[in-house]
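I opened my notebook to look up a few things in this structure, one entry at a time. Come along and check each one with me.

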Amino acid sequence: MDAISVIRTKRDGQPLSPEQIDWVIDAYTRGAVADEQMSALAMAILLNGMDRAEIARWTAAMIASGERMDFSSLPRPTADKHSTGGVGDKITLPLAPLVAACGAAVPQLSGRGLGHTGGTLDKLESIPGWQALLSNARMMDVLRDVGAVICAAGDGLAPADKKLYALRDVTGTVEAIPLIASSIMSKKIAEGTGSLVLDVKVGSGAFMKTVEDARELASTMVGLGTDHGVRTVALLTDMSTPLGLTAGNALEVRESVEVLAGGGPADVVELTLALAREMLDAAGLPDADPAKALADGSAMDHWRRMISAQGGDPDAELPVAREQHVVTAPASGVLSRLDAYAVGVAAWRLGAGRARKEDPVQAGAGVELHAKPGDEVREGQPLMTLHTDTPEAFPYALSALDDAVDVGGEHTDRPIVLSRIA
């Protein structure tokens, strides 16, 4: 078997055989299939799709490329959550310690920024001393002691996905539903969690722009999880407007701590609690009260212990960008639209994200919002503040925001949770 014949099969719109899938995933993991060849196959999959059997086999081959973890020795039931990515989506940060405070164990394997969306690990690395890489033994120790851990997947866990994930980011193939579903579910199934809640984003700032596409992705992933014995549920949630008031690494950590302290933006709190209730129900803890754990400080206590256990200082000052630029309202009236994608691209161009897989990110870069859709604004009032260490990035970030805002039009409140799929 060879890479060119596999690429041609999918290029011509034909289904890949189980043998082709097993071979290409194994060969790519070993380095026998080059990045440029897998790039061509990924583009063919984006353009021509995969059927249910192909996706299932692709996912199984990704799982088989590495080790599988086992949390059965833990004294708590395990629950995990995965978001398909959005702008200002810092929900994992308050959610993991919150669910741990309610009695579940949360083995949260997270990733880095992908395109215009932020990465959980990039955000947490803005905390001085915090370490993303933990051995499996250390991860188990933190789970036993704290109940929650947020860390990078080890090299042994679905190594095929680790290579393909970085490649998709730089080849314009992030949006392929089969590749998104298999990427997420291969890691989550190999990770060994007993239950999984998926946060599938919908809207301009998400990879899934329509409810129909998001529902297809969610249904595909729920099916994959169920077939592998993982209790899986998905929420479709709105990503037409950024979540909260920040998009950027240290900026989002600061906002997450506000939520854990009992404050923070209402939309972030609402989604955090909605996902916490789903995770606790899936883990067999339906009577736990996450709102109480936020109010009584126990979620904050678990956050501090989790950060400390991974080498971080929960009391340290977070990085602040050296330069700021204020964007003002173009007119007076009700802010009717604030486009999530535009804000995400602006934050990315300011240095909060990466254009190539090897690029560094700036801890302090990003966008801070001063108003959200539905708010009354006055002409000249600050709408957002741009943060960066590289002021030459301001013109590029501002060009991304050229058509990001409408003032004075019709504003219709859209619920954060749009649908549930189980």
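**Entry 1: a sheet**

I began with strand E8 (residues 333-338), which pairs with E12 in the antiparallel sense over three bridges. Before going on, I noted that this is a predicted model, where local features need pLDDT of at least 70 and side-chain atom pairs count only at pLDDT 80 or more, while totals for chains, interfaces and linings use all residues. Residues are numbered from 1 along each chain as its sequence is written, and side-chain values use heavy atoms, with hydrogens and water left out.

Helices (H or I, at least four residues) and strands (E, at least two) are DSSP runs, numbered from the N terminus.

Which strands make up the open sheet, and in what order? I found three strands in the order E10-E8-E12, with antiparallel pairing. Strand E10 (376-377) and strand E12 (405-407) are the edge strands, and each pairs on one side only.

**Entry 2: a salt bridge in that sheet**

I saw that Arg 337 stands opposite Asp 406 in E12. These two form a salt bridge (a side-chain nitrogen of Lys or Arg within 4 Å of a carboxyl oxygen of Asp or Glu), and their closest N and O atoms are 2.9 Å apart. Asp 406 lies in strand E12 and Arg 337 in strand E8, so the pair ties together parts that are 69 residues apart in sequence.

Asp 406 is partly exposed at 33%, and Arg 337 is partly exposed at 27%.

**Entry 3: other salt bridges**

How many salt bridges does the structure hold? I have 26 in my notes. One of them joins the side chains of Lys 201 and Asp 89 (3.9 Å, N to O). Lys 201 is in strand E4 (residues 195-202) and Asp 89 is in the loop between strand E1 (80-83) and helix H5 (92-101), 112 residues apart. Both Lys 201 and Asp 89 are buried.

I also looked up Asp 161 and Lys 187, whose side chains meet in a salt bridge (2.9 Å, N to O). This pair links helix H8 (residues 159-169) to helix H9 (residues 177-191). Asp 161 counts as buried because its relative accessible area is 2%, and Lys 187 is buried at 17%.

**Entry 4: two helices**

I turned to helix H2 (residues 18-30) and helix H4 (residues 52-64), which pack at an angle of about 30 degrees, with their axes 9 Å apart. Axes are lines fitted to C-alpha atoms, for helices over the stretch in contact, and angles run from 0 to 180 degrees between N-to-C directions. Contact means heavy atoms within 4.5 Å. Among the residues that meet are Ile 21 and Val 24 in H2, and Trp 58 and Met 62 in H4.

**Entry 5: two buried residues**

Where is Pro 290? I found Pro 290 in helix H13 (residues 290-295), buried with a relative accessible area of 1%. Leaving aside neighbours within four places in sequence, Pro 290 is in contact with residues including Leu 98, Cys 102 and Ala 276. Pro 290 and Ala 276 are 14 residues apart in sequence and 6.6 Å apart in space, C-alpha to C-alpha.

Ser 39 counts as buried because its relative accessibility is 16%. Not counting residues up to four places away in sequence, Ser 39 touches Leu 167 and Thr 171.

Methods: Two strands pair if DSSP finds at least two bridges between them. Buried means under 20% relative accessible area, exposed over 50%, partly exposed in between (1.4 Å probe, protein chains only).
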